[in-house]
Amino acid sequence: MRLLRAFLWLSVFAWGIGAGAKLYDLIVVAGAWSASPPESLSLMPYGAHYPVMPGQFFAPTSGATLIGGVRALICGWRTPASYRVWLFSSAILILALWIFTITAFWPSNHALFVAASAPPLTAEGHAELIRRAQQWIALDWCRVAIMLGGFISSVRAISRPIRDVTPET
């Protein structure tokens, strides 16, 4: 049970830090670079003039979330199903977040980076760039929702008293 609680604390902290940072990133940073593409794309936080890329922050944070969530599920596998559902939810949500990020965001990020270095010359290209930036923002709100769901799952699990979780002998 001590290990379960330790991994739950890791999960709660990592989900909380990640969700708060993602919300800030979405509202402040992405809000700036997506305000008026292609001109505003120069504000994207990537390239030589930025000391830290967002991935350098989010990768270790989501790694800690994955370790905390999956290890809590493993340690709590013999807990009652009503408790285990919160552990399972946290672990599944971090895996879903990784899959969603890789499949939905990496290709879009690449296209936006390319456009930031060479803005489109045609009206259709300009309209497509605006559409892609708006789509990126909309999908990022989905990532925030996933992260908040994971955070709530971890908090729900850790807020249950240990005596309510341990199987009766």
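The legends below describe close-up views of a predicted model.

View 1. Across the whole structure, a search finds five salt bridges. In one of them, the side chains of lysine 22 and aspartate 140 meet at 3.1 Å, N to O. This pair joins distant parts of the chain, since lysine 22 belongs to helix H1 and aspartate 140 to helix H4, 118 residues apart. Both lysine 22 and aspartate 140 are buried. Aspartate 140 also forms a salt bridge with arginine 143, with 2.7 Å between the closest N and O atoms. Because arginine 143 and aspartate 140 are three residues apart in helix H4, about one helical turn separates them. Arginine 143 has a relative accessible area of 9% and is therefore buried; for aspartate 140, likewise buried, the value is 0%. Through shared partners, salt bridges join Lys22, Asp25, Asp140 and Arg143 into one network.

View 2. Glutamate 128 and arginine 131 form a salt bridge whose closest N and O atoms are 2.6 Å apart. The two residues lie in helix H4, three residues apart, or about one turn of the helix. Glutamate 128 is partly exposed, at a relative accessible area of 33%, and arginine 131 is partly exposed at 37%.

**View 3. The largest pocket and its lining.** The largest pocket has a volume of about 560 Å³. Its lining comprises 28 residues, of which Gly55, Phe58, Thr101, Trp106 and Arg143 are the closest to the centre. Helices H1, H2, H3 (81–117) and H4 (123–158) each give two or more residues to this lining. The largest share, eight residues, comes from H3.

**View 4. A nonpolar patch on the surface.** Leu23, Tyr24, Ile27, Val28 and Trp141 form this patch, with about 490 Å² of accessible area together. Helix H1 gives the most to the patch, with four residues. Valine 28, located in helix H1, is partly exposed, with a relative accessible area of 41%.

View 5. Threonine 65 lies in helix H2, which covers residues 54–75. Its relative accessibility is 3%, so threonine 65 counts as buried. Beyond residues up to four places away in sequence, threonine 65 touches Ala14, Trp15 and Ile94.

View 6. With a relative accessible area of 7%, proline 37 is buried. Neighbours within four places in sequence aside, proline 37 is in contact with His126, Leu129, Ile130 and Ala133. The C-alpha atoms of proline 37 and arginine 78, 41 residues apart along the chain, are separated by 52 Å.

Technical notes. Residues are numbered from 1 along each chain as its sequence is written. This is a predicted model: local features need pLDDT of at least 70, side-chain atom pairs count only at pLDDT 80 or more; totals for chains, interfaces and linings use all residues. Side-chain values use heavy atoms; hydrogens and water are left out. Buried means under 20% relative accessible area, exposed over 50%, partly exposed in between (1.4 Å probe, protein chains only). Contact means heavy atoms within 4.5 Å. Patches are made of residues with over 30% relative accessible area and no salt bridge: like charges are joined within 9 Å, nonpolar side chains (Val, Leu, Ile, Met, Phe, Trp, Tyr) within 5 Å. Accessible areas come from the Shrake-Rupley method with a 1.4 Å probe; for residues, only the protein chains shown count as cover. A salt bridge is a side-chain nitrogen of Lys or Arg within 4 Å of a carboxyl oxygen of Asp or Glu. On a 1 Å grid over the protein atoms alone, a cavity is a set of points where a 1.4 Å probe fits but cannot get out, and a pocket is an open set with protein on both sides within 12 Å along at least five of seven lines; lining residues have an atom within 4 Å of a point. Grid points are joined across faces, edges and corners, and a volume is the space filled by probe spheres set on the points.
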